[in-house]
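Okay, thanks for coming, everyone. Let me put the structure up, and then I'll walk you through a few spots in it.

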Amino acid sequence: MTSDEATSGHTPDDAATTVARVRAMLRARGERMTRPRRAVLTVLSRADGHLGAEEILGAVAQEDPTVHRATVYRTLEALAALGVVQHVHVRRTGTAYHLAREAHLHAECQRCGVVQDLPAALLDDVARVVDREHGFALAATHVALSGVCRQCRTDPTGPAGLAGHR
């Protein structure tokens, strides 16, 4: 298990299984599995965490160099609309993406940038109060809570962004 798996809760999926599952979803909607969709899904399936768009673009270029940059962005949007990909707004990359599995929240370390998964129910009480007192329904899965991770708190003098730390 990588350190990101331990913190993010994400483990790589089998790319072929993911592509087949999404192909079935697309067929049910009358859509098809395109080369760009396959390349993006393959990249996200192999990832063990949250990837920024630039990271996805670089990996897709290695997977299928014919896929254009703008197509990757459109593909990410389409897969998010389908519920296959989840995005979260973070400081490190602006927006990070990962395959949508179970609903969950995110926390981002202000120091090293690591993004950790949190239980979906963690903010349920807060969401009820915000709704009751302010008439506002939270969509907390699109943003990351900000703070400092355990490792950065343990070693406050260590360099931020340690490779093994992510």
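Predicted model: local features only at pLDDT ≥ 70, side-chain atom pairs only at ≥ 80, totals over all residues.

So, let's start with Q62, which is found in helix α4, residues 53–63. Helices here are DSSP runs of H or I with at least four residues, strands are E runs of at least two, and both are numbered from the N terminus. Q62 counts as exposed, because its relative accessibility is 72%. On that scale, buried means under 20% relative accessible area, exposed means over 50%, and partly exposed is in between, with a 1.4 Å probe and protein chains only.

Residues are numbered from 1 along each chain as its sequence is written, and side-chain values use heavy atoms, with hydrogens and water left out.

Now the salt bridges. How many does the structure hold? There are 7 salt bridges, each one being a side-chain nitrogen of Lys or Arg within 4 Å of a carboxyl oxygen of Asp or Glu. R29, E31 and R37 are linked in a network. E31 bridges to R29 with the closest N and O atoms 3.1 Å apart, and E31 also bridges to R37, again with 3.1 Å between the closest N and O atoms. As for cover, R29 is exposed at 52%, E31 is partly exposed at 28%, and R37 is buried at 15%.

Another salt bridge joins the side chains of D64 and R35, at 3.1 Å from N to O. D64 sits in the loop between α4 and α5 (69–82) while R35 is in helix α3, so this pair ties together parts that are 29 residues apart in sequence. D64 counts as buried at 12%, and R35 as partly exposed at 46%.

On to the sheets. β1 pairs with β3 (residues 94–99) over 2 bridges, and G52 stands opposite A96 in β3.

There's also an open sheet of 3 strands in the order β5-β4-β6, and here the pairing is mixed. β5 (115–119) and β6 (144–147) are the edge strands. β4, residues 104–109, runs parallel to β6 in a pairing of 4 bridges, and C109 has G147 in β6 as its bridge partner.

Which residues touch Q110, leaving aside its neighbours within four places in sequence? They are R91, S146, G147 and V148, with contact meaning heavy atoms within 4.5 Å. Q110 lies in the loop between β4 and β5, and Q110 is partly exposed at 41%. From Q110 to G147 it's 37 residues in sequence, and 5.6 Å in space from C-alpha to C-alpha.

Last stop: L138, in the loop between α6 (124–134) and β6. L138 is partly exposed, with a relative accessible area of 38%. Okay, that's my tour, thanks!

Key:
Pairing = 2+ DSSP bridges.
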